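Welcome! Let us take a walk through this structure together, beginning with a word we will need along the way.

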Amino acid sequence: MLTFYHAPRSRSFRILWLLEELGVPYDRKIVSIRRGDGTGESEGPAYRNIHPHAKVPAIIHNGVPIFETPAIALFLTDLFPETDLGPKIGDPLRGPYLSWLSYTTGVFEPALTAKYTNMGHKYGAFGWGPFDEVIGHIGNIVSKNQFLLGNKFSAADIVLGGSMPFLITTKLLPDTEPFKSYIARITARPAYSAAKAKDRM
Ligand SMILES: N[C@@H](CCC(=O)N[C@@H](CS)C(=O)NCC(=O)O)C(=O)O
């Protein structure tokens, strides 16, 4: 039994998209969250037993809560190996897959936050790279490859690429050809449209 905790138009969209790609049954529960613009309010304390910071996404599988987007993505692609959305142990792409999942929330998102909150960058002191270097690296990969793992679409494209349509529209990500083409490739998938249609209350 799989339960997915979701807030429309938030980071949990990526797990909604992944679930649609997997095509497995799940129960969706809508969670109220504090929004960056000061609107919204946090769920009651009971939800903190599922996510310690009352954030989304979270899932419960067979009674066990799992949170943090890369962990959920890895858990689900391992749970449903037949869907072939994540390289398995022993596959040479397994290492790059884990790297991209971790890179998304460990490097890409902190680099964005640091840039747009004017934190600056203390070289070596932070666990992520300077914004321009990070954007340059991702841009270089997606200009040479169809997807992050080469020709193979995977959940890493959902986890890293899933926030790109929003980031490019809001000009937080440079509006350059490699990013525009990559976004067009990944959002052309039917499961993306299916998730978009379900991304509401
Ligand atoms: N590191 C988490 C971030 C989750 C996160 O920050 N979610 C936002 C939605 S965009 C949230 O729930 N914010 C509400 C709050 O902080 O109360 C992940 O990648 O899953």
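A residue is called buried when its relative accessible area is under 20%, exposed when it is over 50%, and partly exposed in between (1.4 Å probe, protein chains only). Helices (H or I, at least four residues) and strands (E, at least two) are DSSP runs, numbered from the N terminus. The model is predicted, with local features needing pLDDT of at least 70, side-chain atom pairs counting only at pLDDT 80 or more, and totals for chains, interfaces and linings using all residues. Residues are numbered from 1 along each chain as its sequence is written, and side-chain values use heavy atoms, leaving out hydrogens and water.

Let us start with strand 1, residues 2-6. Five of its five residues are buried, making strand 1 mostly covered. Leu2, Phe4 and His6 point one way, whereas Thr3 and Tyr5 point the other. In a regular strand the side chains alternate between the two faces of the sheet.

Who are the neighbours? Strands count as paired if DSSP finds at least two bridges between them. Strand 1 runs parallel to strand 2, and four bridges join them. Thr3 has Asp27 as its bridge partner in strand 2, while Tyr5 stands opposite Lys29 of that strand. With strand 3 (residues 58-61), strand 1 pairs in the antiparallel sense, again over four bridges; here Ala58 is the bridge partner of Tyr5.
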